[in-house]
Every structure is written in C-alpha cells, then in structure tokens.
Amino acid sequence: MSTLSEFHPSNRILMGPGPSDVHPRVLKAMATPLIGHLDPEFLKIMDDIKVMAQATFQTSNELTFVVSAPGSAGMETVLVNLLEPGDEAVICIHGVFGGRMKDIAERCGAKVTTVESPWGQPIDAQQVKIALENNAPKLVAIVHAETSTGVLQPLEEISQMVHDAGALMVVDAVTSYCGAPLKVDEWGIDAIYSGTQKCLSAPPGLSPVSLSEKAVQVLEDRSTKVQSWFLDLTMVKNYWSGAKRAYHHTAPVSAMYALREAYRLVLEEGLENRFKRHQENHLLLRSQLENLGFEFLVDEPFRLPMLNAVKIPEGIDDNTVRHRLLSEYNIEIGGGLGAFAGKVWRIGLMGESSDANHVNMLTSALQSIL
Ligand SMILES: *Cc1c(COP(=O)(O)O)cnc(C)c1O
C-alpha cells in the first residue's frame, strides 16, 4: 500500500449541533507533551478540572468528575449507577435524547414510565405530576436542552415535584451547559451529565458529570453490582478523588489538557457574560433569518440560544442547500432528525461558534444560495 498523505481538513465553520469551533488555546493545549496519567502533575490537572466543573455546574457536589467518553456515556453512567433491575423510572421524552435515556434505562432493567410532549414543545410539568402520583419512581430524567428540537426545558418546578415525591432529579445538560443558566444545587438536581463539544467548545470525547450526596447514597445502597464495569462509579470515584487515586483506566491525557484550557476560557469570560453572549448572538441570528423569511420551530419562551431550529422554506431542498453551504462556504449546519428530517435546519451557536461573524457569514451565504 502506498503511503497516504497527511490529513489537512478544510477550514470548516462549525454551526451544527456539535462539535463547535475550538479556541486556538485549546488546540495548543492538546499538542503539549504527554505525561503519565498517574503522574502527580496529571493528578493536579484532574483536580483543576474537578474544581472548574463544580464552578460551571454551580455545585459543591463532591462527586463531580469527567467520564472518559462522550455525552452518551455520561447519560449511561448516571442511569446505570442509579438504576437497579426492577426499579421504577420516569423518563421525559420531547425529542431524540429523551428517547435515548429511555432505551438505556430499560437496558438497566428499570420499569420505565414515559412522559411525552410533541417534538418542538417542552414537557408539561402537570404531566410529570400525574406520572409521580401513579408511580413510585426512584428517579425522573429529563433533557434540559433538546438538541433535536431546539427546546429549552424549564426545570425548577419539575425538580420541586420530583423531590416532593422522594425521587432523584436527573438532568441531561449536554447542550445547555456553559451556554445557558444552569444551577445544579439551587435547582435541586441530583445527577447531571454534559459533553465537551457543545457550548464548552472542547473536542468531543469527554463527559462532565456530577452527583449529589443523595444520589451517592443511592449508589452506595445498591444491592446489585453496577452492570457496567467501565462506568461503575464505585470504582471510578477512587481514581478521581480520595487519598488512593487508584488506577482504573488510562485517562485520555491530551483530551484532558484541552478540557482544562476550555474551562479556563469559560471562567475567564465568566458564566453570566457567556450566557449573555449566547443570547445576543441568538437574537442577531433570529432578526437576520426573519428578514430572510424564516420561521422558528419553537415558541419564543422555549427557544434555545445555542441551537436554533428553523423551518426550511417551502420548495427549498434540504440536502442541496446544506451541501452547498459546506462545499462552497465551508459552513456546517445540522439537518432535522426523525420526523423533522428535510423539514428543519438546526443552526448551532455554541461556545466559540456563538459569534456575530459566524451569524453574518451564515446568513449572507444562505441569502446567496436561496
Ligand atoms: C449531543 C447530545 C448528547 C450525546 O452526546 P454525545 O457526545 O454525542 O454522545 C446527549 N444529549 C443531548 C441533549 C445532546 O445534545
């Protein structure tokens, strides 16, 4: 076989549902020399990451760490550790990712009740209340920012109901984290997971996770072993904290360098400033797209700033336009999923990609194409 040439990707502008653009400082961090994953200097990096994960989740949860795998693994970590075969779980589904949580909970052997809302609308708190009255779930799981539909799910009222019923509140914050207000302790969230490639703007492949003391107690009270060896927090937590720092698996060293730098960028900017920037660029995109005649899928109060779902105008071919955006303008946007395939575009303004220049480039490219 002849030698392949070096790979040089095109200079893409990432405005899809993730990954988002990455700051040069993060890329530089990834290219620094490897050290051992039990080197005291690396353990310090893990400690730094934990402190910055707590700050960004707005929590003092001791069990706050990063799963060495993407957001879906964070989802699986939370569910596989908290659910035992035969447990009841209420899973809220308002898009693709709620459906994924249900699939995982069932694989854990849980008895699942679903609360659903039509795609493009948030879950109705009253429906959750009814599910809590008719069942005795150990946990209720819900997606904060449904990336498949562009819906921002209000959490506080539901969290209150879940606690009143004595259950754990589990939240998917893969897309909202570091892009919209999210207060783990204040909102009473017991278990939360995110990803690195959305509003955190680090490369994909890691999943920040946090569990409250109550959730840790549920883990400790298990009568069966966690079904997954790799995701078993009773072992993983000894690698992330405590005196032992025992070997569990080889941490992805370079990816952790990148995450540390991405967190530093988030905290330098400040969470409130970052949320404001995401909101402002969303409003800029909205005004420009509305001038071009586009309509949003989601009602205004529930629109995500970082994931804009817009209806594809009548007579416009989805694939042709997205292909031209990519090949002629180097811009990636997302297509619709499931029932929305061919009907909706999903425009990401996440992290480094939440930027006025990105908005202007996209709308002028769309204007030329259409
Ligand atoms: C992207 C996403 C996930 C899955 O994350 P991966 O890193 O792709 O595994 C889960 N939930 C939501 C809401 C997401 O947007």
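Let's start with strands E5 and E8: residues 139–143 and residues 168–172 pair in the parallel sense over five bridges. Ala 141 stands opposite Val 170 in E8. Strands here are DSSP runs of E with at least two residues, helices are runs of H or I with at least four, both numbered from the N terminus, and two strands pair if DSSP finds at least two bridges between them.

A word on the source: this is a predicted model, where local features need pLDDT of at least 70, side-chain atom pairs count only at pLDDT 80 or more, and totals for chains, interfaces and linings use all residues. Residues are numbered from 1 along each chain as its sequence is written, and side-chain values use heavy atoms, with hydrogens and water left out.

Now zoom out with me. E5 and E8 sit in an open, mixed sheet of seven strands, ordered E2-E10-E9-E8-E5-E3-E4. Its edge strands are E2 (63–67) and E4 (111–116), each pairing on one side only.

What packs on this sheet? Helix H5 (residues 125–134) does, touching E3 (88–93), E4 and E5, with contact meaning heavy atoms within 4.5 Å. The direction of H5 makes about 155 degrees with that of E4; axes are lines fitted to C-alpha atoms, for helices over the stretch in contact, and angles run from 0 to 180 degrees between N-to-C directions.
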